[in-house]
Amino acid sequence: MKLQAKAWKFGDNISTDLIAPGRYFHLRTNLPELAKHVLEDADADFAKKVRKGDIIVAGKNFGLGSSREHAAQIIKLAGVSAVLAKSFARIFYRNAINIGLPALEVDTDKIYAGDEVEVEPASGTVFNKTRNIGLQAKPLPEFMFQLLKDGGLVEHIKKHGDFRLQ
Amino acid sequence: MGKTISEKILSAHSLPSGRWRTCQLPIGIGVDAYAGDIVVAKIDVAMIQDGTGPLTIQEFQKLGKSKVFNSSRTVLFLDHAAPSPRKELSNAHLILRQFASQTGSKLCEVGSGVCHQILAEDYVNPGEILIGADSHTCTAGALGAFATGMGSTDVAVGIALGKTWFKVPQTFRVDVEGKLEKGVYSKDLILHFIGGIGSDGATYKALEFAGEAIEKMGMAERFTLTNMSVEAGAKAGLIATDAKTEKFLKHQGRCKMFMVVKPDEDAIYEKKINIDASDVVPLVAAPHSVDNVKAVEEVKDTKIDQVFIGTCTNGRLEDLQIAAKILKGKKKHPNTRLIVAPASHAIYLQALKKGVIEILVNAGAMIFPPGCAACVGVHGGILGDGEVCLSTQNRNFKGRMGNPEAEIYLSSPATAAVSAIKGEITDPREALK
């Protein structure tokens with residue numbers, strides 16, 4: 001699977017409070033409504049501007065803070081096909097893979113807002129078409145890649161009846 | 001090869017064949033799991049709360065399961081929006097109540113308190129594994145338990161199967177020698193640590209706190225340390241058990257659950273960090289990140305519109321007593337609102353019996369019901385545009401308390417109490433002389 005995508009650029013330390021603000025706590029049981037506010041406190045119009053298939057490109061420690069999986073869920077619901085960051089906070093990283101949203105650790109300095117980027121989650125190859133720069137993401141641990149391939153943790157368990165580590 | 005606390009607990013709960021133990025075994029009997037290994041481990045306790053619970057239940061139902069792994073150790077909390085300020089959240093509460101009645105899981109109703117405090121009071125024992133759909137689940141690590149926060153889907157699978165997968169974390173050993181100065185608390189110590197290492201400095205790692213200063217601390221102060229481990233990115237924050245852990249469990253009617261949990265002397269640590277307690281001064285985390293740590297001295301005179309004393313970080317009896325000692329016979333500043341929320345119903349009752357609540361109310365405090373209260377920006381205590389709050393909570397991210405146009409500083413209960421009197425950020429050491 002190769003993704004062709006436009007990059008939306010964010011900085012370091014994008015917290016889950018910026019992604020899914022606490023003032024919309026009451027919308028957590030209505031994810032499509034909550035998705036209208038995705039990343040609102042980092043970029044007020046992001047939800048309106050983002051198109052299906054686009055990718056988020058961020059600095060270090062993306063998704064720090066609260067365990068709210070809604071953050072990963074609404075990024076996916078907004079149409080985002082992958083998140084690329086220099087590093088991820090632990091819980092967000094697990095959440096993203098668990099719901100089938102590719103999260104790849106890569107040096108994102110060479111990707112700028114609006115760049116056209118090709119991403120292949122399986123191999124971790126990233127190619128910035130706009131600037132003709134090839135990048136290599138850190139490979140996902142094998143088990144996490146398996147989860148992603150199965151469509152997330154729930155699908156993995158439904159398919160195998162248990163964790164299938166090999 | 002020696003093991004860290006995390007390696008010991010995860011080893012004792014895992015079997016490589018995918019089977020796992022079903023009864024209590026002494027730590028050390030199981031497989032030998034070391035940092036970097038991926039294991040499937042049995043869990044002892046699982047928890048969800050009203051913010052993450054509805055999604056957990058939805059994912060649980062997708063698995064086609066109707067039974068939870070252990071109904072007496074699956075715990076549901078109504079604490080983030082308690083009492084509910086609006087119908088959508090009241091309906092979210094109904095989802096959790098219905099799940100509790102269908103599965104027999106434990107439900108901690110509105111007013112019981114913050115999940116992490118109640119888990120420590122009533123549910124989690126040394127040597128156990130707790131997973132929770134809340135990032136501050138790491139709080140219970142002060143009991144010598146491996147406790148970690150996860151997302152809703154992970155916890156849904158944990159509740160269904162009674163196990164989860166872990167990458168055994170590397171451990172940073174944090175030795176704190178010497179004595180904290182009067183007016184300096186474990187909150188200042190953990191802010192000192194996070195300010196040094198950064199908000200991602202311990203990502204994926206377990207922290208083990210040890211040393212003279214930790215040994216001297218009571219359980220309340222230890223919980224503050226482990227609670228905020230996640231603010232450095234850590235997966236877990238752990239403290240070896242000792243006589244204080246045993247006393248705490250005895251007080252909670254669980255003395256039989258005490259067990260010695262400590263690292264081997266030849267355990268391998270990825271990093272050893274030494275802190276001299278006497279170097280720690282009263283600190284705040286300034287807006288908008290927890291690692292933006294400054295000495296109170298640097299930000300003194302900053303005007304504050306609201307002070308909040310409470311939460312899973314610093315809403316325990318000892319914290320309220322520290323605040324009451326400072327506020328006794330005094331009044332909060334007329335331009336500063338003072339909100340206090342005991343972390344649990346039990347703490348509230350003790351604070352009432354000891355006269356702590358009366359002192360706080362006389363000083364002008366509003367007492368909120370036990371729960372997350374103003375920390376999460378869901379109900380009471382939401383800040384106005386440009387307003388500044390000094391809080392004893394663990395996070396000050398933009399928007400955290402419900403308004404991205406407001407500013408949040410984090411401090412110890414003593415700094416918060418002194419500052420409430422002056423209406424500006426103030427060093428507590430003067431007041432305590």
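Student: Among contacts in chain B between residues at least 6 apart in sequence, what percentage join residues at least 24 apart?
Tutor: The model is a predicted one, and a contact here requires C-beta atoms, placed from the backbone, to lie within 7 Å. Counting in chain B the contacts whose residues are at least 6 apart in sequence, the share that joins residues at least 24 apart is 75%.

Student: Why is chain B as compact as a globular protein of its length?
Tutor: The secondary structure of chain B comes to 16 helices and 18 strands. For its 433 residues the globule rule gives 22 Å, and the radius of gyration is close to that value, so chain B is as compact as a globular protein of that length, with a radius of gyration of 21 Å.

Student: Which helix supplies the largest share of the side of chain A that touches chain B?
Tutor: In the pairing of the two chains, 37 residues of chain A are in contact with 44 residues of chain B. Helix H1 (16-19), helix H5 (90-98) and helix H7 (153-160) of chain A each supply at least two residues of that side of chain A. The largest share, 5 residues, comes from H5(A).

Student: On what arc around the axis of H7(A) do its buried residues lie?
Tutor: The buried residues in H7(A) are Leu153(A), Val154(A), His156(A) and Ile157(A). They pack against H5 and helix H6 (142-150) of chain A, together with helix H2 (53-62) and helix H5 (152-161) of chain B.

How values were computed
Residues numbered from 1 in each chain as written. Chains lettered and ligands numbered in written order. Predicted model: local features only at pLDDT ≥ 70, side-chain atom pairs only at ≥ 80, totals over all residues. Helix = DSSP H or I, 4+ residues; strand = E, 2+ residues; numbered from the N terminus. Rg over C-alpha atoms; globule rule 2.2 N^0.38 Å. Buried ≥ 20, exposed ≤ 12 C-beta atoms within 10 Å, placed from the backbone.
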